[in-house]
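Welcome to my notebook. I jotted these entries while finding my way around a new structure, and you are welcome to follow along.

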Amino acid sequence: MTEERLQKILAAAGYGSRRACELLIDAGKVRVNGKLAKLGDKADADKDAIMVDGKLLRGLQKKVYIAIYKPRGYLSDYDENFPRPTVLDLIDVPEQLFPVGRLDFDSEGLVLMTNDGELANRLTHPRYEHEKEYEVLVNHMPDEEQLSIWRRGVVLEDGYRTRPAGVEFINKVHNGAWLRITLKEGKKRQIRLTGLRIGLPVRKIKRVRIGTLKLGNLKPREWRYLTDKEIATLRKYVGLN
């Protein structure tokens, strides 16, 4: 194996996206052959002794890809400031996995769990603008003006302007309605904040697709391994094949 950027090696070994691994390096948690690593360093995973938080990196893990239906009341990842159950509590596998496409505590639906840092980076980095699709229940029946505003983009309370989004009416439910929202960005709580801004408070959010990967028939708390075809299609979609 030839030398590669250290963050790429760490991502391939399951330590998160490249950006997350850059933060590990920048925080002084990574050493190569006993020397404190810095951003920009390269290494050979087959020859060099790479340590993260004092633990030796022992080869590259087998790539694992799992689709899970995150229920409401669970976090996508552990947060020491907000201790709650996480999707990791629902998956019993030996590999160290991390979530791709996080959902907030009150939302539910598809989360991809993997140790493929390169794929995670491509799916989550804003510059790639990959699609995520949601089924959203709003408290009121929307009018066409509200839907048009949502499609064009909305200036939120903090001044951030959302990008154009796909917004489709699915069906009416009592006094509310189900909408299909397709985004190419991932600002925290964006759907809820947008709904409030245009007079459509959001009651429920269910993510049903990340790129080419669909939730399918999974029920809350259920998970499954991706098929070889799904993995190949997803990697091709993000430009890795």
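**Entry 1: what touches Ile191.** By contact I mean heavy atoms within 4.5 Å. I kept in mind that I was looking at a predicted model. Which residues is Ile191 in contact with, leaving aside its neighbours within four places in sequence? I found Tyr134, Val136, Trp150, Ile181, Leu183, Val202 and Ile205.

**Entry 2: the cores.** Next I looked up the largest nonpolar core, and it has 30 residues. Ile191 is one of those with the most contacts inside it, along with Met113, Val136, Trp150 and Ile181. I then asked which elements supply at least two residues each. My list has strand E7 (65–70), strand E9 (108–114), strand E10 (132–138), helix H4 (144–152), strand E12 (176–183) and strand E13 (202–210). The largest share, 4 residues, comes from E12.

**Entry 3: salt bridges.** How many salt bridges are there? The count comes to 17.

- Arg209 and Glu133 meet through their side chains, with N to O at 2.9 Å. This pair links distant parts of the chain, since Arg209 is in strand E13 and Glu133 is in strand E10, 76 residues apart. Are the two buried or exposed? Both are buried.
- Arg151 forms a salt bridge with Glu144, and the closest N and O atoms are 2.9 Å apart. Arg151 has a relative accessible area of 29%, so I filed this residue as partly exposed.
- Asp41 and Lys38 also meet in a salt bridge, at 3.2 Å from N to O. Lys38 has 52% relative accessibility, and exposed means over 50%, so Lys38 counts as exposed.

I also followed the salt bridges that share partners: they join Glu131, Glu133, Glu135, Arg180 and Arg209 into one network.

**Entry 4: a sheet.** I turned to an open sheet of 4 strands, in the order E3-E2-E5-E6, with antiparallel pairing. Which strands are at the edges? They are strand E3 (35–36) and strand E6 (55–56), and each pairs on one side only. Strand E5 (residues 50–52) pairs with E6 in the antiparallel sense over 2 bridges. I traced Met51 to its bridge partner in E6, which is Leu56.

**Entry 5: rings.** A search of the whole structure gave me 1 aromatic pair. The rings are those of Trp223 and Tyr225, with centres 5.4 Å apart. Why did I write edge-to-face? Their planes are at 75 degrees, and the cut-off for that label is over 60, so the pair is edge-to-face. Trp223 is partly exposed at 28% relative accessibility, and Tyr225 is partly exposed at 46%. I noted one charge over a ring as well: the charged end of Lys187 sits over the ring of Tyr160, 5.0 Å from its centre.

**Entry 6: Phe169.** My last stop was Phe169, whose place is in strand E11 (residues 166–173). Phe169 has a relative accessible area of 38%, so I marked this residue as partly exposed. Leaving aside neighbours within four places in sequence, Phe169 is in contact with Met141, Ala177, Trp178 and Leu179. I also looked up Val30, which is 139 residues from Phe169 along the chain. The C-alpha atoms of Phe169 and Val30 are separated by 49 Å.

Key
Residues are numbered from 1 along each chain as its sequence is written. This is a predicted model: local features need pLDDT of at least 70, side-chain atom pairs count only at pLDDT 80 or more; totals for chains, interfaces and linings use all residues. Side-chain values use heavy atoms; hydrogens and water are left out. A nonpolar core is a set of buried Ala, Val, Leu, Ile, Met, Phe, Trp, Tyr and Cys residues joined through side-chain atoms within 4.5 Å. Buried means under 20% relative accessible area, exposed over 50%, partly exposed in between (1.4 Å probe, protein chains only). A salt bridge is a side-chain nitrogen of Lys or Arg within 4 Å of a carboxyl oxygen of Asp or Glu. Two strands pair if DSSP finds at least two bridges between them. Rings of Phe, Tyr and Trp (its six-membered ring) pair if their centres lie within 6.5 Å; planes under 30 degrees apart count as stacked, over 60 as edge-to-face and the rest as tilted. A charge sits over a ring if NZ of Lys or CZ of Arg is within 6 Å of the ring centre and within 35 degrees of the ring normal.
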